[in-house]
Each structure stands twice: as structure tokens, then as C-alpha cells.
Amino acid sequence: MPAKASDAAVLMRSVSKWYGQFQVLKDIDFDVAKGERVVICGPSGSGKSTLIRCLNRLEQYQSGQVVVDGIALTDDARSVDEVRREVGMVFQHFNLFPHLTILENCTLAPMSVRGFSRKAANETAMRYLSRVRISDHAHKYPSQISGGQQQRAAIARSLCMNPKVMLFDEPTSALDPEMVTEVLDTMVGLAEEGMTMICVTHEMGFARRVADRVIFMDRGQIVESAEPSVFFDAPKHARTRLFLSQILH
């Protein structure tokens, strides 16, 4: 069910975005309740990644309204900074700083944005690196660890900011198959702890296991939104059924 304004972590109202003449998002209405886990799926080019990137202003939308944790996201730099402090994001390609150790990657933002002391930032970073099971790699550089370990480091880095909402943009699509499970297991653990999560992914097993709601997008629109049992077993829309027939084996 859509979130009420009082308990919403994320609200989008009539959000539209264009790239030149091409409209990539078409009047999106999208609510996520605090503590809810939402998986967004759909074919390539359907607007999934653009939607979640609008939630922290990595993409600028042209019309509509976005509210994250009660903060209206506007063109004002202060509102953007406020939202980004409360929203963690894990990208497809890790985006770790290659010249910093894993520990340094994790402490940079808490020290520069949250004002943590180095001691407090190190303690927080080590706690989350332990949480994602790579604390023994804290003093290595990204190039010295595997892709799966780098993605878990990226998750730890986001958690070090104590975000209210976590966004995942196809976090396993750049990984070798044997590394996917370790990242998904980390995300399952976060979900079980009650983290508000919005995840763009084609990992339908993860969606079945973790999501409170699965959303299917196509051509810039939300076509279907349902609980996993309904979404997978009794989808209402022909476009959803076609997508599932292509992706489920």
C-alpha cells in the first residue's frame, strides 16, 4: 500500500524527466514507507535507475515533487545536501576511490560531512566493515580485493553515514556470478534489520525473499506494483507477464 505522508521515507508526485525530446519518466507517483523494502525491475531503458537517481538529485527532474525523510528536494543546494546526508547509494560499479584504502573510503564522508573525529570515524567504519565481513581488508586498496568485496565495501561506506534510506542501483550486475551471492546476502541482512531500501535489480530470487513490494517499470511508467506473491504468481498486466516470462527460468 502507498505510504501515508506521516510515515513515508520517500514521496514522489507527478515526477517527469526528459533527456532532450525523450521523456524518460512520465508522471511518476511513488511512495515508500519507513522500513519498507521495494524492488524495482523492468527492461533496460525503462527508467528504473533514473527514478532512484532523482531521489538524491544525481538526476534532475523537470516537473513534479520529491520528498525524502520529510525534506522537499528542490534546486536549493541546502536541500540537496540535507537529502544526500540521509540517503546512502550503492552503484553498479562500486565507485570507490582507488587511491584510498577501504578504511579511508569509509571514513572520508563521516569526517568531512558529519564532522566525526578520525577515531570515531575509524570505529564506525570498522564496525560496518565487520558487518559486511571484510574488516580484514580494511587497509587494502580497492584493486587488491575482489569485485564482490569491493561492492560490500561500498555498502559499508554508505552505512557509515547512518542513512535513513539505502538506494541500490543494480548492485550485482557488474559482478561475476560467484560473487553475486555474497553481496545479496549482505543486502538480505540489512533488510532483516529494518533498513528502508529501494533496489533496482533483476535478481528475482532476492525480490521474492526480501521485498515488501515489487514494482515493474516500462517506458518511463510504473506499470505494476504488488506484493511479491501477487507480482510473481498473478501479475495483472500483459507487459509484466511478458517480462517475467523472459527473465524467470
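Analyst: Strands pair if DSSP finds at least two bridges between them. It's a predicted model, so local features need pLDDT of at least 70 and side-chain atom pairs pLDDT 80 or more, while totals for chains, interfaces and linings use all residues. Numbering starts from 1 along each chain as its sequence is written, and side-chain values use heavy atoms, without hydrogens and water.

User: Which residue has a positive phi in the hairpin of β9 and β10?
Analyst: R219, with phi near 55°; two residues sit between the strands there.

User: And how many bridges join β9 to β10?
Analyst: Five, linking residues 213-218 with 221-226 in an antiparallel pair. F216 is opposite E224 of β10.

User: New topic: is V15 buried or exposed?
Analyst: Buried (under 20% relative accessible area, 1.4 Å probe, protein chains only; exposed is over 50%, partly exposed in between). The value for V15 is 0%. V15 belongs to strand β1, residues 8-19.

User: What is V15 in contact with?
Analyst: Contact means heavy atoms within 4.5 Å. Leaving aside neighbours within four places in sequence, the partners of V15 include L25, I28, Y61 and V66.

Definitions and conventions:
Helices (H or I, at least four residues) and strands (E, at least two) are DSSP runs, numbered from the N terminus.
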